[in-house]
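Here is a short report for a first look.

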Amino acid sequence: MSKISVRDRNKNMGRKPNWGYRFEIAKVNGKRQWASESGFRTKKEAEEAGAKAFADYNGITIQNKYASISVSDFIDIWIEQYCIPNFKYNSQKAYIQVINQYIKPALGKYYLTKITSIIVNEFISEVVKGNKSPRLYYRILGVLRSVFTYAIHPLRIIKNNPTDYIKIPKSAQKKKPKEREVVTPEEFGKIMELYPFGNKFHIPLLLGWYNGMRHGEVFGLVWEDIDFKNKIINVERQDEVSRLKGDIVEIQCSPPKYDSVRKISIGDNLLQELLREKQRQGKAEALAGDEGYISYIKDDTTIIQVKKKLRPDLTDKKIVHPIIIADNGRIICRAYIEQVCRKISKQLGKNITFHCLRHSNTTTLYENGVPVKAIQQRLGHKSPETTMKTYAHNTQKMTDIAVSTIDDCLIHSLN
């Protein structure tokens, strides 16, 4: 290993001391290279600076820092280097909440390199004893597993993941999720009676059932995404979260789930309904005047909406026109759709969520003979297996077709 050498560069020159250090570093093109610095008043200063530079160059400083880092401080590094770059805003918010409320108070005081499965298991047991929901348990465990995995690779601070040996308590084991309800065409007709044309929730419900779009994708749509000539809806973003700042609305967007940017072909009936809504909104905008809103894309992930009378400098800004808006043009927060679904559930006698419309779309297409691959592409699934396993529900119509088919085969066999 290279050694640090120090010397006074002004020795025997009748000048003030000018101490410096030097040590050999990696060769470049076969030629020896050196790291050096001078300008120190004393030999001790040069030695201390050289030792620090040598430790930094060889990664010793970083190794020592991580060797004594606490779980709490390392989690902060994980949030900055891994969580924020890789997870969407709502996921980040949920993870940071359980970190601050549960993980840091219980485990933050330990050295990262000293924490064991026993310590983690006792913490998890306490969480379960507190009658917390299985969902919370799995979220906490998921965050811990990700944090420790990041410490193993790529940082190589620890060798084993303490969460690998955690046994899931029976009280925290996930129950089989309830199958989502399917909204039939007849039932959707009743929904449209509840929310007819002109109601601000008419279009989002229509897009959810007709296209099977995720609610974030629906509420992230702008009129510029619709190609009326070619009858195509371009799904390019989803609404993550809306922030209200006085007369300014900030919409944080992200790419659709699993980066499922796609084009959805639509028929004449939906096309005409969208055209009618666009025209209706145009008239409402004219009536609103300066009390209406104008929207523009601030960057690739943010839509800003302000009142027209507060119009900012829009140079180099792309003006857009959100589809799901009130009559004054203000964007409607997607959280309101939950209230709508509760009203629909009461009317139909079923537990309906907006996501049920997505399931209903898949099932309706499948039971009417649409190829699975085509359904997958419309929904933006990663694979046909997801479409079939999760979204294609068995219906009475499918059962009747199955019985009829096998019964016809039996007739031919007996004759």
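Helices here are DSSP runs of H or I with at least four residues, numbered from the N terminus. By that count, Asn-211 is found in helix α8. The model is a predicted one.

**Asn-211.** Is Asn-211 buried or exposed? Buried means under 20% relative accessible area. Asn-211 has 0% relative accessibility, so it counts as buried. Its contacts beyond four places in sequence include Ile-233, Ile-264, Leu-270 and Asn-361. Arg-378 is also in contact with Asn-211. The two side chains make a polar contact.

| Pair | Separation |
|---|---|
| Asn-211 and Arg-378, side chain to side chain | 3.3 Å |
| Asn-211 and Ser-360, C-alpha to C-alpha | 10.0 Å |

Asn-211 and Ser-360 are 149 residues apart in sequence.

**The cores.** In soluble globular proteins, nonpolar side chains tend to be buried together. The largest nonpolar core has 36 residues. Ile-191, Leu-205, Leu-207, Ile-233, Leu-274, Ile-337 and Ile-344 touch the most other members. Elements that each supply at least two residues of this core include α7 (185-194), α8 (202-211), β5 (232-235) and α10 (268-288). Apart from this core lies another, of 35 residues, among them Tyr-66, Cys-83, Ile-115 and Val-120.

**Helix α10.** How far should α10 span? It has 21 residues, so at 1.5 Å a residue it should span 30 Å. Its end C-alpha atoms are 30 Å apart, which agrees. Its buried residues include Leu-270, Glu-273, Leu-274 and Arg-280. The cover over the buried residues of α10 includes α8, β4 (226-227) and β5. Just after α10, Gly-289 takes a positive phi of about 60°.

Technical notes:
Residues are numbered from 1 along each chain as its sequence is written. This is a predicted model: local features need pLDDT of at least 70, side-chain atom pairs count only at pLDDT 80 or more; totals for chains, interfaces and linings use all residues. Side-chain values use heavy atoms; hydrogens and water are left out. A nonpolar core is a set of buried Ala, Val, Leu, Ile, Met, Phe, Trp, Tyr and Cys residues joined through side-chain atoms within 4.5 Å. Buried means under 20% relative accessible area, exposed over 50%, partly exposed in between (1.4 Å probe, protein chains only). The expected span of a helix is 1.5 Å times one less than its number of residues. Contact means heavy atoms within 4.5 Å. A polar contact is a pair of N or O atoms within 3.5 Å; within protein, one must be able to donate a hydrogen and the other to accept it, and residues adjacent in sequence count only if both atoms are side-chain atoms.
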